[in-house]
Amino acid sequence: AYERRFPTCPLIPMFVASDTVNEYKSEDEAIHVIERRCKLDIDAPRLLKKIAGVDYVYFVQKNSLNRRERTLHIEAYNETFSNRVIINEHCCYTVHPENEDWTCFEQSASLDIKSFFGFESTVEKIAMKQYTSNIKKGKEIIEYYLKQLEEEGITFVPRWTPPVACKLESSTSHARRPVSPAINIPDSAAKEGLNNKEILNTSGSPSEPTAGTPDDKLDADYIKRYLGDLTPMQESCLIRLRQWLQETHKGKIPKDEHILRFLRARDFNIDKAREILCQSLTWRKQHQVDYILDTWNPPQVLQDYYAGGWHHHDKDGRPLYVLRLGQMDTKGLVRALGEEALLRYVLSINEEGLRRCEENTKVFGRPISSWTCLVDLEGLNMRHLWRPGVKALLRIIEVVEANYPETLGRLLILRAPRVFPVLWTLVSPFIDDNTRKKFLIYAGNDYQGPGGLLDYIDKEIIPDFLGGECMCEVPEGGLVPKSLYRTAEELENEDIKLWTETIYQSASVFKGAPHEVLIQIVDASSVITWDFDVCKGDIVFNIFHSKRAPQPPKKDSLGAHSITSPGGNNVQLIDKVWQLGRDYSMVESPLICKEGESVQGSHVTRWPGFYILQWKFHSMPACATTNLPRVDDVLASLQVSSHKCKVMYYTEVIGSEDFRGSMTSLESSHSGFSQLSAATTSSSQSHSSSMISR
């Protein structure tokens, strides 16, 4: 069964081909060793392949079958980039020592990345993803070929015996294997990988009709005009699912084109398509998505700073959407609008896309059910990898994937910079495999050459910012003014909630009453990350460590005055009797942050225990001749507003390896949480394990 996956296996799409390099058989046929050179199409970003200078990766696999010992050993190692990356894999099939009807399987592998053009973490993630995928599919593939053998009547392979015994029993043991007469499988069916039901149908005893009956027919002109080419089976699936919706679904029945998208997304498996379609219809009704274009007007911030818009159509008649992601301030949009408004805007774009597909179907006289998206990454940098922004992006992708399947016909990614593989590594696991196949990625000016934009878009409508002659009315984006940022409380007051989680928390900081956040660390070398904006006043940011937990926090208090903060939380954790150096220690140098600044940073913890992030009121140095602390305290209690600061913050604890692999620059593992712009200033704090950047 294992040998049937060669020279190539349809169940492993990345396994393109294989050639036999060496083969050895012992005289008694007990030992059979075969060595192959395997060609793999690794699921890696095209940009990475371009930089590496390869399209395919080659592995050498050696299979050693020992019929005497009843074992199969499989060894594999990489031939491509063997001086930079060393991959070794070993698998073993053996007979269980206590039950000969059981087969034992063991698998192990090692990965050693010495250097890879600065893409070490990306290569590691790709390798681990491929290896995990192979493990999950390994059993499925071997069972598929075992089942195939059974269907061919091969349910038993005679045990190997020494040559003498073979000669004595030649009249019986060398007889041809019997083939079951019950099912005659045509070669074409075996090659196409038909399942059991389909095979049974070919023998003349179908369990249910796969093609449409006379009652299950659509008008041929209607299909050609609005739906495209459909096989009888696909047509039948569409009609059966539509009838089921008409009989059971209370509410608006989607058009055939929309039902067909869900069927295609699940390879015309009616049960799976019905499940996701019903979930989507419930979601649309719950959030009134059908009326979003008529009832919701995008905020002015989106109209000014969201660098995306519709722009004519491609050569296939698909509506063309242009997104200048590299020019867009994703952090500013999230901070000014919140995730809800951003998601709602993306949904309105998708709804507009569906409407444009219908219009183009009428204009061009042929079915157009998807659109093309052109994404320009010129200007993409580490600012776009701001973790809360990436989280918001992943949520948006999840919602769109679940409710708008098969709407993306082609995605053209242009001018992909060096940082792009990091973003791709974060985002690609959330994108459906069928969707990923539609991605075309161009680095630098490659889009201007053969196989580039001109293959998909008419020269007359190539946007001016890409060297074309057509003026594109898509907003240019730019930084969202911080004056437009809103607090978490303001964002929580949105009238419609498409998700409930809030990224940021707000806090008030008073003179004599800092705001403190407790983080418990179990494993040393974890990474504490933070992102905060100083909305009002100047503050000092500190990080402390304590081996013992502080007492329960006193919320919204200002000493004995108990002055509460209407605009944010205030929590104090460090007890007044604690002494610095005895009860707790400072692990970072204090950082003075001015009003209006944004600060991102990280700290790699050295010890387990309790870490306290503190935002403290920053007082201007007093004059040498003035010493009025008591007067200041009195003024602080009487005029809180003049001694009040406000911060909005987000914190997260992640593993050190995860942090370095996903959020740092490809060029340096110490690049920090984000790199805001060319004017960004950074200051390494205390030791090399920490980084704070404004």
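I started at Tyr 93, which is buried, with a relative accessible area of 18%. My cut-offs here: buried is under 20% relative accessible area, exposed is over 50%, and partly exposed is in between, with a 1.4 Å probe and protein chains only.

A note on the ground rules: this is a predicted model, local features need pLDDT of at least 70, side-chain atom pairs count only at pLDDT 80 or more, and totals for chains, interfaces and linings use all residues. Residues are numbered from 1 along each chain as its sequence is written, and side-chain values use heavy atoms, with hydrogens and water left out.

**Aromatic pairs**

I searched the whole structure for aromatic pairs and got 17. Rings of Phe, Tyr and Trp (its six-membered ring) pair if their centres lie within 6.5 Å; planes under 30 degrees apart are stacked, over 60 edge-to-face, and the rest tilted.

Back to Tyr 93: its ring centre is 4.8 Å from that of Phe 105 and the planes stand at 40 degrees, so I logged the pair as tilted. Tyr 93 belongs to strand E5 (residues 85-95) and Phe 105 to strand E6 (residues 103-113), so this pair ties together parts twelve residues apart in sequence. Helices (H or I, at least four residues) and strands (E, at least two) are DSSP runs, numbered from the N terminus. Phe 105 is partly exposed, at 43% relative accessibility.

Next I looked up Tyr 306 and Tyr 345: the centres are 4.9 Å apart and the planes at 80 degrees, so this one is edge-to-face. The pair links distant parts of the chain, 39 residues apart, with Tyr 306 in the loop between helix H12 (300-305) and strand E7 (308-313) and Tyr 345 in helix H13 (residues 330-364). Tyr 306 is buried at 9%, and Tyr 345 is buried at 13%.

I also found a cluster: ring pairs link Tyr 2, Phe 6, Phe 15, Tyr 93 and Phe 105.

**Charges over rings**

Here I asked for NZ of Lys or CZ of Arg within 6 Å of the ring centre and within 35 degrees of the ring normal. Lys 39 lies over the face of Tyr 56, at 4.3 Å from the ring centre.

Which order do the six strands take? I read E1-E2-E3-E4-E5-E6, an open sheet with antiparallel pairing. Two strands pair if DSSP finds at least two bridges between them. Strand E1 (15-25) and E6 are at the edges with a single partner strand each, so one side of each has no neighbour in the sheet. E1 and strand E2 (residues 31-40) pair in the antiparallel sense over nine bridges. Asn 22 has Glu 35 in E2 as its bridge partner.
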